[in-house]
Amino acid sequence: MKLVTAIVKPFALDDVRAGLERLDIAGMTVSEVSGYGRQRGHTEVYRGADYQVDFVPKVRIEVATEADQVEKVVDAVIRAARTGKIGDGKVWVTTLDTVVRVRTGERGADAL
Amino acid sequence: MGIPDTGDTAWMLASAALVLLMTPGLALFYGGMVRSKGVLNMMMMSLGAAGVIGVLWVLYGYSTAFGDSVGGAGFMGNPGDFAGLSSLLDATYLADAEAGTDVSVPLVGTIPTLVFVAFQGMFAIITVALISGAVADRMKFGSWLLFAGLWGTIVYFPVAHWVFSFDEVTSAVGGWIANDLAVIDFAGGTAVHINAGVAALVLAIVIGKRRGWPREPMRPHNLTLVMLGAGILWFGWFGFNAGSAVGSNGIAGYAFVNTVVATAAALLGWLLVEKLRDGKPTSLGAASGIVAGLVAITPSCSSVSPIGAIAVGAIAGILCALAVGLKFRFGYDDSLDVVGVHLVGGLVGTLLIGFLATASSPAGVDGLFYGGGVDQLWRQAVGALAVIVYCGVLSLIIALALKFTIGLRISDEAEVTGIDESEHAETGYDFSTLRSSGGGLGTPRPDAATPAAAETVAAASGKEG
């Protein structure tokens with residue numbers, strides 16, 4: 001089992017969700033996060049005074065899936081979130097040792 | 001004593017309520033501009049001023065401002081004349097046809113004196129509240145309330161007498177700026193805005209900078225509140241300016257129109273500066289321009305033409321937009337730009353009367369550009385200077401006295417955590433589910449609960465034990 005974590009622009013969330021729903025995945029977790037990559041932050045101006053905003057708002061999408069689905073999930077995220085401009089985000093994949101469904105106690109792939 | 005004019009009285013009652021609304025409007029305007037950890041304290045300073053000054057105004061404030069000049073010097077009204085307003089209560093409120101008695105209440109012009117008391121009381125409240133923008137995030141709430149009371153007593157009440165108390169209106173002898181110097185200050189460019197601006201500068205310097213200013217970014221946390229506050233201020237300001245006609249008449253209409261057009265021009269002026277200097281016109285700039293224009297047209301709305309008002313507003317919008325940068329050059333943390341907007345805007349409006357006043361206006365005086373020479377200009381300059389010096393010295397004495405007795409500042413630790421928590425034991429916003437869900441951080445303290453709940457807690461903990 002794998003965990004796909006995607007950091008994307010907030011407005012891309014709906015497209016990413018729609019893209020993932022077409023695949024056979026059981027669910028996802030979404031959170032609002034702040035951070036920066038190569039894009040760095042941006043500058044805002046209040047009454048003529050500049051403020052460097054280091055952390056820009058992003059959305060983190062986490063999807064746990066079977067290993068053979070990973071490439072499809074990653075592709076779906078990239079297709080939906082890519083604008084070609086700097087700041088589109090990143091996707092990474094990690095291995096999950098185990099998954100347990102709280103309600104039933106099922107383990108492994110059955111719990112996805 | 002006499003029968004009040006119902007139309008005038010109705011407008012002045014409405015105007016007084018409009019001016020009161022400016023204070024919560026100011027709370028929103030200021031509250032949105034601070035970081036979220038200080039929003040409640042920022043708003044509480046405005047409401048705190050309303051509490052302290054509202055009471056003092058009735059006790060002796062009105063009398064100090066509008067009582068008969070002590071010694072005929074025009075410096076301050078006699079605090080005893082209308083102390084507690086008790087000398088204004090001898091009246092016949094309802095006509096009695098059978099007994100042949102008519103309505104007879106104490107009057108100021110055509111309105112009941114008590115309505116005038118209420119109207120002017122709102123001015124005192126908002127003037128003190130304006131100062132609070134200079135000391136955002138770091139002033140002890142108790143010290144603020146004391147400052148508000150002391151400053152109102154020895155600065156605002158006398159200066160209001162100088163500027164607003166005309167001979168033979170509320171008492172035989174009024175203030176020196178209004179009567180002897182004959183400064184034109186329709187609604188308070190000197191007594192309200194220059195006064196508050198100077199006090200703000202002094203207090204900001206005495207209390208010192210916020211920790212981390214100007215190195216750390218201190219972004220406004222909610223500009224939509226700022227926009228709402230600016231809108232409420234503009235709305236309430238019609239009571240402030242048009243209400244200062246003390247009647248429902250042509251002068252009120254004249255002041256009203258100038259209050260629209262000068263403010264509109266100032267909004268554009270401020271945005272123009274931002275577009276040219278920073279590249280983008282901002283919402284905070286629009287809100288600030290609105291207030292700058294309102295400040296500048298406050299003294300001048302009865303003495304300049306509507307075209308003149310456009311000039312007053314545009315100049316104020318441009319100059320104030322530039323003036324808010326001064327604090328970075330000179331290193332004083334006037335956090336929300338009370339100096340840049342109210343002192344500078346007040347000076348612009350007060351002095352421009354000397355140039356742009358026209359004899360065809362209700363004030364009936366020509367300024368320099370209308371062939372009146374420099375006569376009115378020097379009067380305006382002397383009046384403004386007098387308020388700056390008096391307010392500067394007295395504000396410094398009050399601020400230093402408080403600093404070296406009860407102290408002005410909260411502790412460094414409290415300032416870092418946030419003044420809302422340290423001074424009020426509250427937080428403005430509750431967006432985190434951990435706080436609000438009933439578990440986690442939101443658990444009620446057992447000792448604060450009702451007796452029944454406390455027993456349950458005790459029983460539960462007993463069972464566990």
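In this predicted model, the largest pocket is lined by 26 residues. Those that lie nearest the centre of this pocket are B:Phe166, B:Asp185, B:Phe186, B:Ser244 and B:Val246. The volume of the largest pocket is about 530 Å³. Its lining comprises 20 nonpolar residues, five polar residues and one charged residue. Two helices of chain B, H3 (113–131) and H4 (141–164), each contribute at least two residues to that lining. Of the elements involved, H3(B) gives the most, with four residues.

The interface between the two chains may be considered next. For chain A and chain B, the buried area is about 1100 Å², and 61% of it lies on carbon and sulfur atoms. In chain A, the residues that lose the most area to chain B are A:Tyr46, A:Arg47 and A:Tyr51, which together account for 70% of what that side buries. The contact draws on eight residues of chain A and 19 residues of chain B.

How many salt bridges are counted between chain A and chain B? The count is two. In one salt bridge, the side chain of A:Arg47 meets that of B:Asp337, with an N to O distance of 3.0 Å. Over all chains, the structure holds 15 salt bridges.

Polar contacts also cross the interface of chain A and chain B, where four residue pairs are found, both residues of each pair being at pLDDT 80 or more. On the side of chain A that touches chain B, strand S3 (42–46) and strand S4 (49–53) each supply at least two residues. By class, that side has five nonpolar residues, one polar residue and two charged residues.

In general, rolling a probe the size of a water molecule over the atoms shows where empty space is left. A search of the whole structure finds one cavity of 30 Å³ or more, and the largest cavity has a volume of about 40 Å³. Which residues line the largest cavity? They are A:Arg47, B:Phe29, B:Tyr30, B:Val291, B:Leu336, B:Asp337, B:Val338, B:Val341 and B:His342. Helix H1 (6–33) and helix H12 (338–356) of chain B are the elements that give two or more residues to this lining. H12(B) gives the most, with three residues. The lining of the largest cavity divides into six nonpolar, one polar and two charged residues. A:Arg47 and B:Asp337, both in this lining, are the partners whose side chains meet in a salt bridge.

Two details of the backbone of chain B complete the account. A cis peptide bond, with omega about 0°, joins B:Trp213 and B:Pro214. B:Glu168, a residue other than glycine, has a positive phi near 65°. B:Glu168 lies in the loop between H4 and helix H5 (176–179) of chain B.

Technical notes: Residues are numbered from 1 along each chain as its sequence is written. Chains are lettered from A and ligands numbered from 1 in the order in which they are written. Side-chain values use heavy atoms; hydrogens and water are left out. On a 1 Å grid over the protein atoms alone, a cavity is a set of points where a 1.4 Å probe fits but cannot get out, and a pocket is an open set with protein on both sides within 12 Å along at least five of seven lines; lining residues have an atom within 4 Å of a point. Grid points are joined across faces, edges and corners, and a volume is the space filled by probe spheres set on the points. Ala, Val, Leu, Ile, Met, Phe, Trp, Tyr, Cys and Pro count as nonpolar, Asp, Glu, Lys and Arg as charged, and the others, Gly among them, as polar. Contact means heavy atoms within 4.5 Å. Buried area is the accessible area (1.4 Å probe) that two parts lose on being put together, summed over both. A salt bridge is a side-chain nitrogen of Lys or Arg within 4 Å of a carboxyl oxygen of Asp or Glu. A polar contact is a pair of N or O atoms within 3.5 Å; within protein, one must be able to donate a hydrogen and the other to accept it, and residues adjacent in sequence count only if both atoms are side-chain atoms.
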